[in-house]
Structures are given as C-alpha cells and as structure tokens.
Amino acid sequence: MKQFLKKVAFFGLIVLLYFSASGVYNYTLDPYGILETRKEFVGIRPNEHSLKVHHVLQNSKEFNSFLFSNSKGGALHFNQLNDETNNWYNMTYSLGTPEEFHHDMVLFINNNVAIKNIVIGLDEGVIYERASSHKNQASRKFVLLEDQSINWEYLFLPISLKKFLRIDLDKKHIVHDVYKSGNYLEQNAYPDNCDLTEELVIVPQPNENSQPLLDFSSQISTLKIIQDFCKKKNINLSFLVHPTSLENHKKSEVKRFQFNQLLDVMENEQFVLFRPFEENLIQNSSCYWLDRHHYTKKVGDSILQMYTQYKDLDPSK
Amino acid sequence: MLFNSLEFLVFLIVVFALYWFVFNKRNYQNALLLCSSYFFYGWWDYRFLILILFSTLVDYFVGLAIENSQENSKRKLLLWLSIAFNIGVLGFFKYYNFFVDSLVEVLNSVGYAMESTWSLNIILPVGISFYTFQTMSYTIDVYRKNLKPTDDFISFAAFVSFFPQLVAGPIERASNLLPQILNSRKFTYEKGIQGLRLILWGLVKKVVIADTLALKVDDIFENYTDFGGGVLWLGALYFAIQIYCDFSGYSDIAIGVSKLFGIELKSNFKFPYFSRNIGEFWRRWHISLSTWFRDYLYIPLGGSKGLKWQSLRNVFVIFLVSGFWHGANWTFIVWGGIHALLFVPSYILGSNRKYTGAIVAENSWFPSLKEVLQIVITFFFVVLAWVFFRSDNLTVAVEYLIIMFTKFDFPPTYKNGLYSVGSLLILDWMFRKDERLSFPFLKEVNKKSILLLEIVSIILVVYLISLNSNSGQFIYFQF
C-alpha cells in the first residue's frame with residue numbers, strides 16, 4: 001500500500017503542477033476578462049456579456065439606450081446616433097438570447113440605469129440558441145462581476161497556446177470595444193479595393209419549399225415578457241430584423257425559412273418589426289460580410305440610416 | 001457524477017482512504033460502499049435513490065423467501081413478483097411514453113383519430129436498465145438454485161448499487177460480485193497499479209477519442225443532407241469508434257476503480273471490431289448484456305433446442321429485445337433486427353459458434369486473407385447498423401443510408417478523418433491479445449519510459465477534461 005500511495009502521490013503532484021500552471025496562466029492572461037486582471041482583448045474573444053453588463057453597471061449614468069443582440073449586431077454602431085438625450089451602448093455579444101436580454105434589462109433597472117430606448121436585434125439564433133446552454137461555456141456564462149466572489153473555475157481553464165503567443169493578430173478579427181461604446185471594431189476586415197461608398201446590392205429571397213411550422217410559443221412568450229416589461233417601464237422598444245447574406249441563406253435555408261415563419265407569427269401577435277431590407281438578401285461581398293454570418297460596418301451604417309428614417313416617420317416606434 | 005470529472009476524483013480519493021484506512025473491516029467497508037454508492041447516484045438526482053432502494057428491498061426479501069419456500073408454485077410466484085416489479089419500474093420509466101405514442105399512431109393509421117393525452121413527462125432515471133437487470137439476475141439465480149441468497153442486507157444493497165458499475169455496467173452477476181462483497185478484500189500493489197492504468201486508459205478512450213469524435217459525429221448526423229456519401233460513411237465510421245471508445249472506456253474505468261477496492265469485475269468488451277462473424281461480435285461486444293440475455297431469456301425460451309423455426313424465433317426475440325433495451329425508439333429495435341438478420345445465415349449454417357475462443361490471429365501479427373475479409377465484412381455491416389442506432393428516427397436513418405450509397409463524393413479535406421480511423425483501429429489491433437487489459441508489454445519496457453508514458457497520458461487527460469469541461473456524458477448513461 002505504501003508503495004502504491006507513493007506512486008499515486010507522484011501522479012497527484014503532476015496533476016497539481018498542471019493546475020498550478022493553468023492557474024498562473026489564466027490569472028496572468030485572463031483571456032475572458034472575468035478575473036479582472038486584463039482590460040484589452042486584442043485578437044481574443046472575452047466573456048463579452050459579463051464585461052459589458054459590468055461596464056454599464058459601473059457607469060450607470062452614462063448610457064440610456066441599448067442595442068441587445070447576438071454578435072451580428074456588433075457592427076451596428078448606434079452611438080453614431082448619440083445626441084443630447086440619447087446615449088447608446090452596444091450590448092451585443094456572441095450568441096446572445098432574448099432570455100438573457102430580459103435578465104440584463106431587469107438588472108440595469110434594478111441598478112438605477114435609466115433606460116430610454118431599447119433595440120432588440122433578431123435573427124435565426126432566436127429560434128435555436130438557449131441561455132441554458134451557456135452555463136458551461138467560459139466565454140458565454142454570465143458572471144456578475146459586482147459579486148466579489150472568486151470565479152475559481154476560470155482559473156483552471158485549459159491553456160491556449162494561440163492566446164498565449166497572441167498569434168493570428170494579422171488575420172481578420174474583432175476588437176472588443178467593451179469599455180467605450182460596446183461596438184465591435186473590425187481589424188484587417190476589408191480588402192484594400194473595397195468601395196465603402198457604393199450602393200448595397202440586394203437580391204430577392206429565392207422561393208423555398210414549404211416546411212412544417214415549428215412551435216414558437218416559448219420564443220414568443222420571452223419576447224412578450226420583454227415587450228410588457230418595456231411598456232411598464234416606459235421604454236421605447238424596437239425589434240430589428242438583421243439582414244442575411246445570400247451565402248448564409250443558401251447554407252441554412254431551412255433555418256432561414258423557419259425564422260421567417262417566426263417573424264410571421266410575431267407580426268400576427270402584433271409585434272412591430274423593423275425590417276430594413278424586408279425579405280431581401282444582401283449579396284456576397286467581402287465589403288458587406290466579415291464572414292457568411294456577420295455583416296460589416298458598411299451594412300450596419302445603412303441599417304442605422306434606415307432606422308433613423310423609420311423613427312422619423314413615426315417617433316412613437 | 002461523471003468519471004471524467006474533478007468531483008469524481010475527489011470522491012474516489014476520499015472513499016478509497018476511508019475504505020482502506022478507517023473502515024478497514026469487511027462489514028464497515030460494505031456499509032461505506034453502500035453509502036458512497038448512494039451518494040454517487042444521488043449526485044445526479046437523489047429522488048431516484050428510492051427506486052434503487054425498492055428494487056433492492058424487493059429482491060432481497062424475494063430471494064430469501066424463495067430459498068425458504070419448498071413449494072414450486074410459490075417459488076415461481078415469488079420469482080414473477082420480482083420480475084414484474086423490476087420490469088414494471090423499467091417499463092414505466094423507460095417505455096411508457098413509447099407505448100402510448102405508438103398505440104396512438106397505430107390507431108391514427110387505421111383511421112381512429114385520437115390525440116395522445118396519456119403521455120407523461122417522465123424523467124428516465126440514470127442506470128435503471130443496468131441495476132434492474134442486475135437484481136433480477138440475482139433472484140433468477142436463487143430460484144434456479146444456482147446461488148444461495150444472502151441475509152446480509154447491507155452487503156446485498158452494496159452489490160446492487162456498487163458505484164463503479166451502477167450507472168452503465170458491466171451488469172454483474174451476483175455469482176461473481178456478491179461473494180467478493182461478502183468476503184474480505186485485500187489490497188495489492190499490482191492490482192492497484194493495474195486499476196490506475198485501466199482508469200487512465202479508459203479516460204484516454206473517453207476524453208481523447210470518443211469526445212473528440214462526438215463533435216464530428218454530431219455535426220455530420222445533424223446536417224447529413226449537406227454532405228455527400230463519402231462524408232456520411234466517415235460519420236458512420238466515426239460513430240462506430242466513438243460508441244466503442246465511450247462505452248468500453250467506461251467499462252475500463254469501472255473495472256479499474258473496482259480493482260482499487262479489491263473487487264474484480266468481468267470484462268465487458270474484447271475487441272469486438274476484429275470479429276469474424278456477427279456471432280463472435282456479440283461474444284465480444286457488451287458481453288455482460290449479451291450473456292444476460294442468453295442466460296435469462298434465450299435459454300428459458302428454448303435456446304437452440306426444439307424445431308428450427310423455434311430457435312430462429314428465439315434468436316429474433318433476443319436481438320429485438322436487446323435493441324429495445326437500449327431505448328424506447330424504433331431505431332433501436334430495427335438495429336436489433338438487423339443484427340438478428342445478420343446472425344441468421346451463420347446460425348442456419350451452424351457456423352455461429354465457430355469463433356468462441358481466442359481472438360483472430362492470436363499467434364501471429366497479421367490475420368490471413370480469409371480472416372481479413374471476414375473482419376471487413378462483419379465490420380461493414382456493424383457500421384451500417386450503427387446508422388440506425390445513432391439516428392433520431394427511422395426516416396433519418398434511411399435517408400442517411402441512401403445518401404451513403406448514392407452520392408459518392410468525398411472532399412479531400414476529410415481524408416485526414418480516414419487516417420485517424422485507420423490509426424485507431426491499428427492501435428486497437430495492437431492490444432487485441434490483452435483481453436483483460438493488463439498491459440503485459442509494459443514488463444518489457446524500462447521503468448523510465450513507463451513513467452514518461454504515464455505522465456504524458458495524465459497531462460493529456462487532465463488537459464482534455466479541462467478543455468471540454470462540458471464533456472458529453474457517457475452514451476450508455478441514457479440506456
């Protein structure tokens with residue numbers, strides 16, 4: 001037994017050494033920003049949700065208007081619409097869900113953030129993504145940084161050589177502007193010959209085969225909760241429908257079709273939707289798309305322009 | 001509590017220390033095993049502990065009552081009481097909704113329109129298929145007078161709930177496990193080290209191989225219409241290896257953990273993918289389940305005795321029931337049916353018991369050409385059958401198979417997948433003679449190299465566990 005225990009102790013020591021090394025690595029590099037030892041995230045994706053909520057709570061008087069969306073809304077720089085009465089913050093983050101948006105709104109209100117405007121960006125993720133699936137994801141699990149407890153699990157995350165060596169910085173990537181406007185800033189995103197002033201090329205959505213209707217009751221119920229909450233708190237709420245690329249449409253036709261079904265159901269349920277490109281798709285171009293899913297700031301700016309006109313037509317929206 | 005989690009590591013260290021250093025008398029050790037097993041199970045959902053307790057109580061008292069009864073009719077009645085209870089619990093929690101929904105579908109298809117209002121929101125208790133079979137085998141063995149029942153309730157309850165194999169087997173027979181629990185255990189260095197190596201090997205299979213393949217398998221099976229036949233073949237091959245590494249990895253860990261407590265469990269896998277026919281495959285795959293069905297279903301039905309049609313019926317019954325045991329879905333039943341069909345030719349020709357002994361090429365490095373062909377053909381059909389096992393429903397399985405055989409494109413980006421499948425099979429081939437996984441080749445290797453190998457494996461496993469902290473549960477937990 002003694003000999004066995006010696007061997008086990010040796011193996012235990014190896015495990016201990018491994019975790020000590022990963023603890024030092026995670027504390028020093030803090031890739032997700034949860035341990036609050038890092039403030040810049042060039043080339044790496046921090047836990048944007050927690051960091052952005054933390055920033056708003058720490059600056060509760062600075063912002064009164066919020067865009068909630070998944071990462072697709074990162075290029076919608078709403079702070080360009082800032083004026084004397086509206087101060088926007090981009091509360092978008094990877095795979096954000098309406099359940100989480102509602103949670104954050106309540107948290108803001110409870111912490112004296114005076115909310116005036118809210119825009120909720122919608123895409124296919126509304127149907128498929130669930131907040132519960134983020135519990136085990138270091139980059140997406142919501143951590144209230146106002147709590148002073150130590151988030152031990154973040155100390156023992158695996159060591160990533162890519163992050164450690166900070167490689168891939170020359171490639172196209174996002175800079176997470178958490179501590180200013182919340183916007184995503186693209187780095188090395190556009191080809192040199194990209195004409196940012198040319199008109200967007202939009203194409204009609206191809207006809208699809210009909211698909212059986214899904215049960216959208218849980219999604220509708222969450223969105224209604226948000227709508228009721230905003231009404232009760234006197235917040236201007238808009239539902240913005242993100243545009244889709246032709247390429248993404250072709251790749252996930254079924255999902256897109258189901259999303260359109262959801263939008264139809266929402267309209268039947270009296271939700272008012274702002275659909276900047278109606279049912280049209282935007283042609284594939286590296287000037288318009290960072291990848292097949294995320295549009296560039298050029299598209300984002302067009303949407304903002306349309307949003308301004310949409311608001312001007314009926315300020316009550 | 002998952003074997004591939006840090007909480008299990010802490011749990012194991014604490015129980016091991018208490019078992020050998022604090023409660024080192026047999027009775028105390030059994031009480032500790034019982035408490036720790038209930039804690040281990042309760043970590044998932046303590047509410048279902050009541051089911052294990054009931055199952056234990058029923059079979060404990062039924063076992064004693066059968067032993068004390070002289071009348072055959074009373075003994076039989078008691079046996080059926082135990083079977084009805086265990087099958088009733090299993091049937092309710094696992095199959096109730098399946099039967100209700102299937103009945104409604106049948107009624108609808110014959111024009112009697114109705115909606116399923118009887119379906120219930122039932123949670124499937126983890127491991128229920130395993131421990132109910134284990135307790136049933138005890139009562140049947142007592143009834144058959146193959147086993148003396150024990151009046152030591154704590155030991156019996158520890159046998160039913162023994163944590164290393166409680167949730168995903170191997171399904172142990174009372175004749176093997178109970179005497180070990182009733183007698184004193186002794187710790188030896190060799191057993192302890194062997195146990196640790198088995199745990200490490202099982203974790204490598206689970207965390208390094210199965211969990212990595214799971215991501216690819218899920219992607220291919222969930223988006224099968226996006227791919228050509230070549231990629232779907234790769235997906236089916238990946239799944240064959242995933243389920244093997246996942247389940248045999250669990251069994252290796254269970255056997256390894258048991259060794260740390262001085263208890264030997266039986267082998268559950270013996271390199272099934274090197275089988276020369278389906279009969280041999282089933283003597284090497286999930287052995288504890290196939291032998292259970294052989295001894296407690298096939299033989300009581302008449303086995304191979306009687307008329308040919310009766311034996312064929314018996315073959316179909318055990319394969320279909322075996323498929324159904326895996327889950328309340330027609331895909332599992334069809335999977336069982338396919339294996340029955342594959343088994344029938346060798347059964348009719350009388351060659352089904354041809355390879356009951358040693359593994360192929362036991363005395364050489366390479367198999368003969370005939371053996372290669374036999375292995376490839378058997379593996380080919382086993383992989384095809386896995387498509388039904390993995391698919392969500394029969395329509396998906398059939399569509400998946402149609403694409404496999406009609407669209408032959410194979411993007412070069414996937415060719416690395418074939419290399420990895422080939423490498424894993426070669427690795428498995430190299431170990432094939434070591435059925436108990438005692439790693440005898442290590443005796444030839446110098447101590448420093450062994451140590452280095454162990455250190456690298458430990459770091460790799462710990463790294464991968466932390467990398468994949470939401471690591472998939474063991475596939476067989478759902479059964």
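User: How many helices and strands does chain A have?
Analyst: This is a predicted model, in which local features need pLDDT of at least 70, side-chain atom pairs count only at pLDDT 80 or more, and totals for chains, interfaces and linings use all residues. Residues are numbered from 1 along each chain as its sequence is written, while chains are lettered from A and ligands numbered from 1 in the order in which they are written. Helices (H or I, at least four residues) and strands (E, at least two) are DSSP runs numbered from the N terminus. By this count, chain A has nine helices and nine strands.

User: What percentage of the residues of chain A count as buried?
Analyst: A residue is buried if 20 or more other C-beta atoms, placed from the backbone, lie within 10 Å of its own, exposed if 12 or fewer, and partly exposed in between. Of the 317 residues of chain A, the buried share is 33%.

User: Is S132(A) buried or exposed?
Analyst: S132(A) lies in the loop between α4 (125-128) and α5 (161-165) of chain A. Its C-alpha atom is separated by 9.4 Å from that of E99(A), 33 residues apart along the chain. Because S132(A) has 9 other C-beta atoms within 10 Å, this residue is exposed.

User: How are α1(B) and α2(B) oriented to each other?
Analyst: Helix α1 (residues 6-22) and helix α2 (residues 26-45) of chain B pack at an angle of about 165 degrees. Axes are lines fitted to C-alpha atoms over the stretch in contact, and angles run from 0 to 180 degrees between N-to-C directions. Angles under 35 degrees count as roughly parallel, over 145 as roughly antiparallel, 65 to 115 as roughly perpendicular and the rest as oblique. The two helices, α1(B) and α2(B), are therefore roughly antiparallel.

User: Which elements of chain B do the buried residues of α15(B) pack against?
Analyst: The buried residues of α15(B) include I375(B), V382(B) and W386(B). Contact requires C-beta atoms, placed from the backbone, within 7 Å. The packing partners in chain B are α9 (189-222), α10 (229-260), α11 (278-284), α14 (330-349) and α16 (394-406).

User: Which element gives the largest share of the side of chain B that touches chain A?
Analyst: The contact takes 14 residues from chain B and 13 residues from chain A. On the side of chain B, the elements that give two or more residues are α9 and α18 (447-467). The largest share, seven residues, comes from α18(B).

How values were computed
Two residues are in contact if their C-beta atoms, placed from the backbone, lie within 7 Å.
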